[in-house]
Amino acid sequence: IAAILVFSMVLVVLPAKALTNDVKVYDEDGLKQITRGNVGDGLIVNGTGAVTGALVEVYWDEVHAWDEADHNGLIETDYATTAGVWEVEFDVPETVNGTYGIIAKDTESGDIQSTTFKVDPELMLDPDSGLTGIDVEVDGTGFGEDSRDLDVYFDWADPWWNASKLAGLPLPYTAAQLATAGLSIDERTEAVSINTNEFGTFTAPDRFEVPEGNTTDPVDETGGEWASGNFTVVGIDESGAYGIDIFTVGFYITLDPDEGPPGITVT
């Protein structure tokens with residue numbers, strides 16, 4: 001009888017289901033499974049195997065209540081369907097570059113499964129097209145924490161910044177070291193001493209003038225090519241973390257607002 005009672009007690013605490021180790025991350029359209037992205041990107045995260053109707057908690061990097069100071073913890077929840085399927089949507093929180101955990105917890109069974117997601121630096125230009133001589137705002141996310149020496153280059157000298165060639169170069173990069181690696185820094189403009197916050201985000205303190213120069217066909221680190229008439233704009237901090245954006249040289253039109261219902265006035 002004692003053995004039967006013990007066995008019965010064990011049966012009571014065993015979960016009916018367990019999360020399967022298939023926590024998946026998709027882009028905001030749900031069309032492409034991804035493993036990396038940038039701050040602010042919309043993500044769809046889902047999985048299976050949860051207890052029917054159970055509350056599934058999804059955490060960014062650490063399992064605790066959301067911590068506004070560190071930007072980690074509980075980020076979204078969902079109730080599992082009768083098939084044990086759950087799905088949440090959230091934006092990548094403001095954070096420095098690196099690899100983070102996306103953790104799912106079935107609060108009914110206590111089961112936990114996870115996957116990883118890499119946050120890359122991102123450089124953003126406003127506007128990102130126009131004529132030489134105009135002013136451009138440069139913003140960035142996912143760079144190093146509290147960086148005090150982040151440089152931005154409008155650089156049009158081939159072969160451009162290349163991750164494989166930068167690998168192994170001591171910091172800070174010097175003109176001689178870059179030249180030895182085949183990375184030309186001729187005819188560039190530089191904005192120095194840009195500071196990032198504790199999450200690697202910055203808005204450049206000044207707007208920078210698009211330089212004169214002969215643009216060519218830049219090649220990015222993946223081997224793809226952009227069209228001629230573009231500047232490759234690079235932001236790089238003292239840790240070597242860098243982001244790239246493209247400025248298109250040419251005539252352009254801007255709309256304000258650039259979306260809305262019929263009948264509104266557009267400048």
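What follows goes through strands, aromatic rings, the surface and some backbone details.

This is a predicted model, so local features need pLDDT of at least 70, side-chain atom pairs count only at pLDDT 80 or more, and totals for chains, interfaces and linings use all residues. Residues are numbered from 1 along each chain as its sequence is written, and side-chain values use heavy atoms, with hydrogens and water left out.

**The open sheet**

- Start with an open sheet of 3 strands, in the order S1-S3-S6, with antiparallel pairing. A strand here is a DSSP run of E with at least two residues, numbered from the N terminus, and two strands pair if DSSP finds at least two bridges between them.
- At the edges sit S1 (24-27) and S6 (86-91), and each of them pairs on one side only.
- From one strand to the next, the twist averages 25°. Angles like this run from 0 to 180 degrees between N-to-C directions, using axes that are lines fitted to C-alpha atoms.
- S3 (residues 42-47) pairs with S6 over 6 bridges, in the antiparallel sense. Along this pairing, Leu 43 is opposite Phe 90 of S6, and Val 45 has Val 88 of S6 as its bridge partner.
- S1 and S3 also run antiparallel, joined by 4 bridges. Here Lys 24 has Asn 46 of S3 as its bridge partner.
- How many residues of S3 are buried? The count is 6 of its 6, so the strand is mostly covered by the definition of buried (under 20% relative accessible area, with exposed over 50% and partly exposed in between, using a 1.4 Å probe and protein chains only).
- Look at which way the S3 residues point: Gly 42, Ile 44 and Asn 46 go one way, Leu 43, Val 45 and Gly 47 go the other, and all are buried.

- S2 (residues 36-37) and S8 (residues 112-119) run parallel and are joined by 2 bridges. Gly 37 is opposite Val 119 in S8.
- S7 and S8 run antiparallel, with 8 bridges joining them. Lys 105 has Ile 112 of S8 as its bridge partner.
- The S7 and S8 hairpin has 5 residues between the strands, and Gly 110 takes a positive phi near 80° there.

**Aromatic rings**

- To describe a pair of aromatic rings, you give the distance of the centres and the angle of the planes.
- The whole structure holds 4 aromatic pairs. Rings of Phe, Tyr and Trp (its six-membered ring) pair if their centres lie within 6.5 Å; planes under 30 degrees apart count as stacked, over 60 as edge-to-face and the rest as tilted.
- Why is the pair of Trp 60 and Tyr 100 called stacked? Their ring centres are 5.3 Å apart and their planes are at 25°, so the pair counts as stacked.
- Trp 60 belongs to S4 (residues 55-60) and Tyr 100 to S7 (residues 98-106), so this pair ties together parts that are 40 residues apart in sequence.
- Trp 60 counts as buried at 0% relative accessibility, and Tyr 100 is buried too, at 12% relative accessible area.
- One aromatic cluster is formed by Trp 60, Phe 90, Tyr 100 and Phe 117.

**On the surface**

- Ile 253, Leu 255, Ile 264 and Val 266 make up a nonpolar surface patch, and together they have about 400 Å² of accessible area. Patch residues have over 30% relative accessible area and no salt bridge; nonpolar side chains (Val, Leu, Ile, Met, Phe, Trp, Tyr) are joined within 5 Å, and like charges within 9 Å. A salt bridge is a side-chain nitrogen of Lys or Arg within 4 Å of a carboxyl oxygen of Asp or Glu, and accessible areas come from the Shrake-Rupley method with a 1.4 Å probe, where only the protein chains shown count as cover for residues.
- Leu 255 sits in the segment after S17 (242-249). With a relative accessible area of 51%, Leu 255 is exposed.

**Backbone details**

- Asp 126 and Pro 127 are linked by a cis peptide bond, with omega near 0°. Pro 127 is in the loop between S9 (122-126) and S10 (129-130).
- Another cis peptide bond joins Asp 256 to Pro 257, with omega about -5°. Pro 257 is in the segment after S17.
- Asp 61 is not a glycine, yet it has a positive phi of about 75°. Asp 61 lies in the loop between S4 and S5 (73-79) and is partly exposed, at 29% relative accessible area.
- Asp 146 is not a glycine either, and its phi is positive at about 50°. You'll find Asp 146 in the loop between S11 (135-141) and S12 (150-155), partly exposed at 34% relative accessible area.
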